[in-house]
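Here are my notes for you, point by point. Keep the structure open while you read, and look up each residue as it comes along.

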Amino acid sequence: MDKDVQLAGEKLFTMSVCAFTGVIILSTICGPLKADTMEHCVEPSESGSCRYCERGWFGNDCNDQCQNCNIGGCNQTTGICQQCSPGYHSINCSIACPLQCRESYGNTLCDRERGRCSDGCKPTWWGSRCENNCSNRCRNSICLYSDGSCHLGCEDGLYGNYCNKPCSAGCGNNTCYSNGTCLNHCNVGYYGPSCDGNCTDHCIDRECVLGSGSDLPLCTKGCIRGWQPPYCKVSCKTKCTTCNDSGECLSCEGGFWGAFCQYQCSRNCVNNSCNSDGSCAGCRDGWYGTHCDTPCPVRQCRSCFQNKGTCGRCRAGDLDDAGQCVSAKSSRITVICATAVPILVLVAMSAIILFWYRRRTRIGQLGTKDRNAPLEQEQLQTEM
């Protein structure tokens, strides 16, 4: 027996029971609404039954009303709808479409066979019948109704089609794209598109970036003491405190010099340290020269000038004008002599000047006396 005919027979039996009890009920128990007359019959048959019913009615007498049928009405014999009214599905169109189905022009539509939503789901729902909640990991809890994927993105800190993967701890502002690459810069200490690489502790302040065409990160501020740039993965040579990217030393530990700090500074350098070319910045007492390898030439000299070797300070005594160290006694004699000689010279010159002056005065007096002698003789003769 055809399934539709069997179902229609069951419905007619139910309607007969309801009619017998005198109850008109619109329910799945009592079946469709019944009319008392054949007023909905369009064309009666010769046998007294109705051949054609008005749209929306069915049965032998056309006094049974179609339920939840669309404009096309229902089968006149079985009462099965040609098409369900919007919002209903199933063979009898007796089951409402899921509430989470998206509305279209004010109607909720779903397929008749399984009740699958025809126009998708309302926001925050997904599934063929919109029976699933979108994940709250999706941005604003909105997802694709077909598979529940978060097509509008994820809440901060998550990525992936379903936002079920955490962004790297190195992502700035804890945000990343759907493929896990960081949206902003990396936090300090991390590098790479996903900021999931750790900068080495040998980078100053642990700051690095991924170099162009390289898988190794470059230390942006350089290396800490003792490590070779630009990756700070290789240590500098022994005794080398800083070096360049070729491994040559830029500075050495105290007491060493050379391109690889392989030479020892002169023991006579002050503080046992020297310049990058091995020259001493200063010499210990008693030595001079570029490398402080020559003893001071002046006897009893404590320290001498590095570039000339002239004495600057004596071990004992004083330094004379000639740059020689003399004893304290000799120094006093020298001072006395230096003071007395000018005085003696001055006294001698004064004596010479005085002697010359007196002699000149006496000579002048004798000349005057000789000129006056003839006059005196004339006076005497005249008086006689």
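How many salt bridges does a search of the whole structure find? Keep that one in mind; the answer comes in point 2.

1. Some ground rules and the overall picture. What you have here is a predicted model. The protein chain contains 2 helices and 28 strands. Of its 384 residues, 30% are buried. Now take the contacts with a separation of 6 or more: 14% of them are between residues 24 or more positions apart.

2. Back to the opening question. The search turns up 7 salt bridges. Side chains of opposite charge can pair when their charged atoms come close. One of the bridges is between Glu43 and Arg51, with their closest N and O atoms 3.2 Å apart. Glu43 is partly exposed at 31% relative accessibility, and Arg51 is partly exposed too, at 41%.

3. Next, have a look at Arg139 and Asp156. They also make a salt bridge, and here the closest N and O atoms are 4.0 Å apart. The two partners are 17 residues apart, and both belong to the loop between β10 (132-133) and β11 (158-159), yet the pair counts as a link between distant parts of the chain. Is Asp156 buried or exposed? Asp156 is exposed, because its relative accessibility of 51% is over the 50% cut-off. Arg139, at 34%, is partly exposed.

4. The side chains of Lys221 and Glu207 meet at 3.5 Å, N to O. Lys221 is in the loop between β16 (217-219) and β17, while Glu207 is in the loop between β14 and β15, so to speak a link between distant parts of the chain, 14 residues apart. Lys221 has a relative accessible area of 44% and is partly exposed; Glu207 is partly exposed as well, at 25%. Salt bridges with shared partners bring Asp205, Glu207 and Lys221 together in one network.

5. Stay around there and find Thr200, in the loop between β14 (197-198) and β15 (208-210). Why does Thr200 count as buried? Its relative accessibility is 16%, and buried means under 20%, so Thr200 falls on the buried side. Leaving out residues up to four places away in sequence, Thr200 touches Arg206, Cys219, Tyr231, Cys232 and Lys233.

6. Now for a hairpin. Strands β19 (residues 240-243) and β20 (residues 249-252) pair in the antiparallel sense over 3 bridges. Which residue stands opposite Cys243? Look across to β20 and you will find Cys249 there. The hairpin has 5 residues between its two strands, and Gly247 in the turn has a positive phi of about 95°.

7. Tyr105 has a positive phi, near 55°, in a residue other than glycine. Tyr105 sits in the loop between β7 (103-104) and β8 (107-108) and is exposed, at 84% relative accessibility. Asn174 is not a glycine either, and has a positive phi of about 55°; you will find Asn174 in the loop between β12 (165-166) and β13 (190-191). Then there is the peptide bond from Pro229 to Pro230, which is cis, with omega near 5°.

8. Asn70 belongs to the loop between β4 (64-65) and β5 (88-89). Although Asn70 and Gln83 are 13 residues apart along the chain, their C-alpha atoms are separated by 5.4 Å. Setting aside neighbours within four places in sequence, Asn70 contacts Gln83, Cys84, Ser85 and Pro86.

9. Rings and a nonpolar patch to finish. The count of aromatic pairs is 1. The pair is Trp257 and Tyr263, with ring centres 4.9 Å apart and planes at 40°, so it is tilted. Elsewhere, Val341, Val345 and Met349 form a nonpolar patch on the surface, with about 270 Å² of accessible area together. Val345 lies in helix α2 (residues 328-383) and is partly exposed, with a relative accessible area of 42%.

Note on methods. Residues are numbered from 1 along each chain as its sequence is written. This is a predicted model: local features need pLDDT of at least 70, side-chain atom pairs count only at pLDDT 80 or more; totals for chains, interfaces and linings use all residues. Side-chain values use heavy atoms; hydrogens and water are left out. Patches are made of residues with over 30% relative accessible area and no salt bridge: like charges are joined within 9 Å, nonpolar side chains (Val, Leu, Ile, Met, Phe, Trp, Tyr) within 5 Å. Accessible areas come from the Shrake-Rupley method with a 1.4 Å probe; for residues, only the protein chains shown count as cover. Helices (H or I, at least four residues) and strands (E, at least two) are DSSP runs, numbered from the N terminus. Buried means under 20% relative accessible area, exposed over 50%, partly exposed in between (1.4 Å probe, protein chains only). Contact means heavy atoms within 4.5 Å. Two strands pair if DSSP finds at least two bridges between them. Rings of Phe, Tyr and Trp (its six-membered ring) pair if their centres lie within 6.5 Å; planes under 30 degrees apart count as stacked, over 60 as edge-to-face and the rest as tilted.
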